[in-house]
Amino acid sequence: MSEGGKDKGKLAIYWAASCGGCEISILAINEKILDVAGAFDIVFCPCIMDTKARDIEKMPDQAIDVCLFNGSIRTSEQEYMARLLRRKSKVLVAFGSCAGEGCIPGLANLTNREEIFDACYRENPSTENPDRAVPVPDTRVNGFHLTLPVFYDTVRTLGQTVEVDYYLPGCPPEAPRIWEALVAILEGKLPPRGSVIGAQTTVCDECPRTREEKKIKAFKRTWEVIPDEGKCLLEQGLLCCGPATRAGCGALCPQVNSPCIGCYGPNAGVEDFGCRMMTALASVIDSKDPDEIERIIQQGIPDPVGTFYRFSLARSLLRRAALIPDAQRHELPLPKASEGRST
Amino acid sequence: MAGKHVTIDPITRLEGHGKIDIFLDDHGDVVDAFLQIPELRGFERFCVGRPAEDMPNLTSRICGVCPEAHHMASAKALDALFHADPPPTARKLRELFYCIFFATDHTTHFYALGGPDFVMGPDAPKEERNILGVIRKVGMDIAGKVLKMRADGHGLIKMIGGRAVHPNWALPGGVSRGITEEQRQEIERLGRDAVEFGRFSLQLFQQIVLGNKEYVKLITSDAFTHRTYNMGTVDAANRVNFYDGMIRITGPDGREHARYHPREYREYIAEHVEPWSYLKFPFLKKVGWRGFVDGEDSGLYKATPLSRLNAADGMATPLAQKEYDRMYEALGGKPVHHTLATHWARLIELLYAAERWVELATDPEITGKDYRVLPTQTPDEGVGSVEAPRGTLTHHYWTDERGILTRVNLIVGTTNNYAPINLSVKSAAQALIRKGTVVTEGLLNKVEMAFRAYDPCFGCATHYLPGRMPLTIVIRSQDGRAIRRIRRDADGTALETFQ
């Protein structure tokens, strides 16, 4: 794929701890994928071609023009790849919710490696494991050596691992937004480094439902109410994340009568999704009595962390105070950092 | 032990990448082969503490390629947990959505991933053995049909479930929104196209594959045959069903080993842990874990399209039933243990999914307004199960009385087949590496074909252009030095370098 493309930009697409949905969404740009192939040489993309990390290692620093990196950093191998691709790329894009804010797998930061191993291997209800074996980085089988990457205690975002140039939000980013971002990159019409490439409005601004004055006496869980299909879901007591969530999807979930779950991350100018969402909810609670407010919250929001930080826990203000670089603890050989890039 | 160590890395994803390690003895013969899964995310732990109703949205993030399967298994677990039985319209809408997903997913696999080996032939020039080669051979007309089938499916999934990736639609007791008569007509129209597409695909398979004795020989060869147990979901008449039913397991001889409600899965299934992989190895509890061997005394089982057909007595739709009979007649009766026949079974399932899609789209209840009931009982515990394209998928949740999760257990599609895939990889390696002689192109192709038949989810991403499984095989001396490297470029060219 790299032949005859001396004048074209070099594009890399990589996945770390992710589900594959980002790749599906990239392919959903359909026939425009040919325009991408016309503009870029794809030099690295494990899902479609046989280029290996060692080939990337051999490249000069900053040889890749744009790297779209999806997935969070959960293992030593993923950290290695993040550092390597940072060093080799001029522009590194945290692609999708996992890379940008940790996404749903980032909820694992409410627990740790040992608890996860207990749940999956040692005390799992369908696992027979009398020796309480767990996967380990080095094993000997029949005299041969098998290795696995180290599973970290903490999920980190790409931006907590290396310096990120741009963020493309969404779980996954919607295909038209991917295309817009690629066009912006091709035309060099990019916002300042470190920015999110996305809308400045919220999901509420895209939502066709009618809004009146929001005043709520009780929050409802989705299984407790069949909402009216035309009216604002938050006004009906459902914890719709529309007010705190960046626009970009076209309010898809509210259109099938389901509340927004916040997959597009905090709206423009907001650092912490949960803080924004809590502020939005506080303003609609129809009470001035602290006891009643307490009751409304206790009854209607039984899992505040999982509700307000469903997609953004790893990146949020609630993140673990001490983010010990796992690589240091595990003596991982890291690629030499280029100047001013790695963090 | 002297000898060499062959590494194939990466073979792409399940939850991340996969890696194959092949060990040779000092004669250069294969001692063992291991398919390692080097990643874990820990859903079973971090979902604890979350509201149960979030699970269809949380667990769809296990896999962005088949989120519909997790969304649906999760919703069914919630039906049980909240004691909320969905009304008939809701059940039918879910099954309709699910059949559309199945037909779409199977199309992708057959034409882009598994198909090129067959359509082009395993010994066709390597640069032809990909989706582009398929298009050249069968013509743009057919390529257009494939693309239409996929685009139609994805469009309908978004129309019904709200989103093309990660739907937000199913709830305990039903779904969040029904369909209009106008939508129903569109679904029916595209469903009829899908039936024609399914028939056409089977004709193509029979014409190209079965018309060639070499293919039939390959399908039935020892290297691709494993006599294991088979698992699948069946309806009351023991016919294949993807959305609901009883789990049926048949033995290597075809006799029924078990037939149980999905909620009883722990009486029949257990999982084994090996320290060299993050993925566990399910096995039949009553037979027991005997390691990586097949046969009656080993608890290994497969849960694939072929397994579902083996474990059932037939198909519930007329055209698919005809094709079912035709396959078993051609391959010498039930059960069939030839891994490569999984591709044939997958096309029969595609046709069934399309026929069932039309049946449901023309059901008078499908546009009903009664698509949801609200739970009234205290939530406690629930199991939900569907057939994912890659195997039986089980979600099991426990909650407190507020519906907050206290425990979660998940056995996902591909996991069922993890041990058999290891067996298949080892057999292929043994057949192709003898006395240290590595058959370059043969090893690449046939090791690939061995696990590609399962459509393992770590192969998901390779569904796309150029449709090749990217591979590098490194042969190392015992001190770890790479002495020979075989790789294939994106266009299918194999390159070999000595170092």
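**Helix packing in chain B**

Q: Which residues of H12(B) do B:Leu319, B:Ala320, B:Glu323, B:Tyr324 and B:Met327 in H11(B) meet?
A: Keep in mind that this is a predicted model. The five named residues of H11(B) face a set in H12(B). That set is B:Trp344, B:Ala345, B:Ile348, B:Leu351, B:Tyr352 and B:Glu355.

Q: How are H11(B) and H12(B) oriented, roughly parallel or roughly antiparallel?
A: The axes of H11(B), residues 318-330, and H12(B) come within 8 Å and cross at roughly 165°. Angles over 145 degrees count as roughly antiparallel. So the H11(B) and H12(B) pair is roughly antiparallel.

Q: What is the handedness of the crossing of H7(B) and H12(B)?
A: H7(B) covers residues 181-210, and its axis comes within 8 Å of that of H12(B), at a crossing of roughly 160°. That angle is why the two helices are roughly antiparallel. As for handedness, the crossing of H7(B) and H12(B) is left-handed.

Q: What distance separates the end C-alpha atoms of H14(B)?
A: H14(B) is mostly covered, with 13 of its 15 residues buried. At 1.5 Å a residue, residues 418-432 should span 21 Å, so the model agrees with its end-to-end distance of 21 Å.

Notes
Residues numbered from 1 in each chain as written. Chains lettered and ligands numbered in written order. Predicted model: local features only at pLDDT ≥ 70, side-chain atom pairs only at ≥ 80, totals over all residues. Helix = DSSP H or I, 4+ residues; strand = E, 2+ residues; numbered from the N terminus. Expected span 1.5 Å × (residues − 1). Buried ≥ 20, exposed ≤ 12 C-beta atoms within 10 Å, placed from the backbone. Axes fitted to C-alpha atoms, helices over the stretch in contact; angles between N-to-C directions. Parallel < 35°, antiparallel > 145°, perpendicular 65-115°, else oblique. Contact = placed C-beta atoms within 7 Å. Left-handed = near helix turned anticlockwise from the far one by under 90°.
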